[in-house]
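Here's a quick briefing to read alongside the sequence and the 3D view. Take a look at the structure first, then work through the notes.

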Amino acid sequence: MTQRISKRQGLGAIFAIPLAIAVLSSVALVVALTGDGWRDMLSWIGLAVPVLAVGWAMRARRA
């Protein structure tokens, strides 16, 4: 028999990480459009975070 532990989380705890990823992605897109050089590198790093988050979530869901 499995027991399911339910923890109630607040709205801030549920949406904190997705909101941070959305803000980071938006900033990275704006930075990519406004300059070259180090801004390109910063935008690539910022835009890689959502891709890595999806990969992590898929891996965690399988485990």
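Ala 22 has 38% relative accessibility, so Ala 22 counts as partly exposed (that's the band between buried, under 20% relative accessible area, and exposed, over 50%, using a 1.4 Å probe and protein chains only). Keep in mind that this is a predicted model, where local features need pLDDT of at least 70, side-chain atom pairs count only at pLDDT 80 or more, and totals for chains, interfaces and linings use all residues. Residues are numbered from 1 along each chain as its sequence is written, and side-chain values use heavy atoms, with hydrogens and water left out.

**The overall picture**

- The protein's secondary structure is two helices and zero strands (DSSP runs numbered from the N terminus: H or I of at least four residues for helices, E of at least two for strands).
- With a radius of gyration of 16 Å, well over the 11 Å that the globule rule gives for 63 residues, the protein is more spread out than a compact globule (the radius is taken over C-alpha atoms, and the rule is 2.2 Å times the number of residues to the power 0.38).
- The C-alpha trace spans about 60 × 25 × 10 Å along its principal axes.

**How the helices meet**

- The axes of α1 and helix α2 (residues 38–62) come within 8 Å and cross at roughly 150° (axes are lines fitted to C-alpha atoms, for helices over the stretch in contact, with angles from 0 to 180 degrees between N-to-C directions).
- That makes α1 roughly antiparallel to α2, a label for angles over 145 degrees.
- Among the residues making the contact are Leu 24, Ser 25 and Ala 28 of α1, along with Gly 46, Leu 47 and Pro 50 of α2.
- Sorted by class, the contact of α1 with α2 has eleven nonpolar, four polar and two charged residues (Ala, Val, Leu, Ile, Met, Phe, Trp, Tyr, Cys and Pro are nonpolar; Asp, Glu, Lys and Arg are charged; the others, Gly among them, are polar).

**Residues to find**

- Ser 25 sits in helix α1 (residues 11–34), and at 14% relative accessibility Ser 25 counts as buried.
- Leaving aside residues up to four places away in sequence, Ser 25 touches Gly 46, Leu 47 and Pro 50 (contact means heavy atoms within 4.5 Å).
- Ala 22 is in helix α1 too, and its C-alpha is 9.9 Å from that of Val 49, 27 residues apart along the chain.
- Trp 44 lies in helix α2 and, at 65% relative accessibility, counts as exposed.
- From Trp 44 to Leu 29, 15 residues apart in sequence, the C-alpha to C-alpha separation is 9.0 Å.

Technical notes
Angles under 35 degrees count as roughly parallel, over 145 as roughly antiparallel, 65 to 115 as roughly perpendicular and the rest as oblique.
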